[in-house]
Amino acid sequence: MPLTGKRILITRTRQQASELAACLESLGAQPILIPTIELAPPSSFQTLDAALSNLSSFDWLLFTSANAVQSFAQRAQHLNLIPNPKQIAVIGPATAKAVQRIGLTPNLIPPKFVAESLVEALTPHAPGASMLLVRAEQARDILPDTLAAAGAHLTIVPAYRTITPPNSIAALHEILTDPNRYPDAITFTSSSTVTNLVTLLEAADLTLPETIVRASIGSITSRTLRDLGYPPNLEADEATIASLCEALERHFSAE
């Protein structure tokens, strides 16, 4: 198998690592799980609670991550509400699956699984439409800014925030201070995994060795890697776990 013996570091949250780990294991790799992000409740539930109580007033409900869907559903359950949005737009297939898991059906998935493509797909629906964007506290503003410019009445509610897991510092120190323990590659599945890894490295007084392959799930994550001085060695063709595994397979098969 193409990844036999390769040690691949996974930086996703513990709740989301299983799909990538299973994919890597099926190709012969040894996954190493050191999450660089954890999910935490938002600073306040006030705006999310208000939006959930008034969900029928929105023409579109927008999700840009599976985490947002999960946090949205958990809060609705806490409030004893059954969400019944008019129309749902999601950024990609993983988020679509998360929506389906809570019993709803996405109405719109863009052709490319990035915010820019979601904006393009939603723009024809934007003029005069009331849209609810459920997302993390820390997120890019390209989606709300562009949709608002296109005429949408946008409401943004944070459903969760990402924090840095303190236990991961010791784990990173253990594998990055001995060249014999270096992973062959590190996977990055969002910009948050990049920024939080760099934060963890700084806290541990470490740098990322150049010999470790940096594998990015997509263009936005790659941009963050470049901005922080760690340009990716490979990028998935589309922003999915399956495509990221295929990119790793191609990379190591070519060695």
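Two strands count as paired here if DSSP finds at least two bridges between them. Strands (E, at least two residues) and helices (H or I, at least four) are DSSP runs, numbered from the N terminus. The model is a predicted one, so to speak of local features takes a pLDDT of at least 70 and side-chain atom pairs count only at 80 or more, while totals for chains, interfaces and linings use all residues. Residues are numbered from 1 along each chain as its sequence is written, and side-chain values use heavy atoms, with hydrogens and water left out.

On one side, β4 pairs with strand β6 (residues 130-136) in the parallel sense, over four bridges, and phenylalanine 63 stands opposite valine 134 of β6. Strand β5 (residues 88-90) also runs parallel to β4, joined to it by three bridges; here phenylalanine 63 stands opposite valine 90.

In a regular strand, side chains alternate between the two faces of the sheet. In β4, Trp60 and Leu62 point one way, Leu61 and Phe63 the other, and all of them are buried (under 20% relative accessible area, with exposed meaning over 50% and partly exposed in between; 1.4 Å probe, protein chains only).

Between β4 and β5 comes helix α3 (residues 66-78), and the three make a right-handed β-α-β unit. Right-handed means that, with the strands pointing away from the viewer, the path from the first strand over the helix to the second runs clockwise. The loop between α3 and β5 holds asparagine 80, whose phi is near 60°, a positive value in a residue other than glycine. Asparagine 80 counts as exposed, because its relative accessibility is 70%.

Of the 255 residues, 51% count as buried. The C-alpha atoms fill a box of roughly 60 × 35 × 30 Å, taken along the principal axes.
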